[in-house]
Amino acid sequence: MIIQQTIGNTKTQSIEGLEIDLLEIEWFETTKRIQRKQTNSGVEIAIKFIQEGQRLNQDDILYQDDKKLIVVNIKPCEAIVMTPSSLLEMGTICYEIGNKHLPLFIQNDQIMMPFEMPMFRWLEASGYAPEKQETKLLHLLKSNVAPHGHGNSSLFTKILNMASSND
């Protein structure tokens, strides 16, 4: 089965009465444009995203017929999780991690990244309070936002502007 695009998401679409077959993937596989995988029931899938910027998200529907759905499930992994105490701290942490070209996730007002002991120790030594947790990394921060943005500011710029206006 060849998948060239997702056809919906179970959070916004009714799936009542349909059998769900999960395609379990790692967080880093969500941005791969070409990959071969197997669902939990053994269905072979070839993902070939043609458009630039397509990515898989939790609960995306890859296939649907009148009896069955194939749905994406992102596996939990070890992660560094931090809860910033202010917008300025959030911006600073995001900047420092981004400056090291590491993947960054923002979920539930927390900053997350895949666990790496050197980064964990660096964050501790820098005065932050990182925690090691098993969690799903779902909302990858898009780092390819152009600085000029055609009227749209990057997330980092927005955070810094909001933080500096509170002084």
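**Exercise 1.** State which strands helix α2 lies across, and do likewise for helix α1.

Solution. Helix α2 (residues 117-125) lies across β8, β10 and β11, at about 15° to β8. Helix α1 (residues 87-99) lies across β8, β9 and β10 and runs at about 15° to β10. Helices (H or I, at least four residues) and strands (E, at least two) are DSSP runs, numbered from the N terminus. Axes are lines fitted to C-alpha atoms, for helices over the stretch in contact (heavy atoms within 4.5 Å). Angles run from 0 to 180 degrees between N-to-C directions.

The model is predicted: local features need pLDDT of at least 70, side-chain atom pairs count only at pLDDT 80 or more, and totals for chains, interfaces and linings use all residues. Residues are numbered from 1 along each chain as its sequence is written, and side-chain values use heavy atoms, without hydrogens and water.

**Exercise 2.** Give the strand order of the open sheet and name its edges.

Solution. The order is β9-β10-β8-β11, with antiparallel pairing; two strands pair if DSSP finds at least two bridges between them. β9 (105-107) and β11 (131-135) each have a single partner strand, so one side of each is left without a neighbour in the sheet. β9 pairs with β10 (residues 110-114) over three bridges; Gln107 has Gln110 as its bridge partner in β10.

**Exercise 3.** Locate Asp65 and find the backbone nitrogens that its side chain reaches.

Solution. Asp65 is in the loop between β6 (60-64) and β7. A polar atom of the Asp65 side chain lies 2.8 Å from the backbone nitrogen of Lys67. The Asp65 side chain also reaches the backbone nitrogen of Lys68, at 2.7 Å.

How values were computed:
A polar contact is a pair of N or O atoms within 3.5 Å; within protein, one must be able to donate a hydrogen and the other to accept it, and residues adjacent in sequence count only if both atoms are side-chain atoms.
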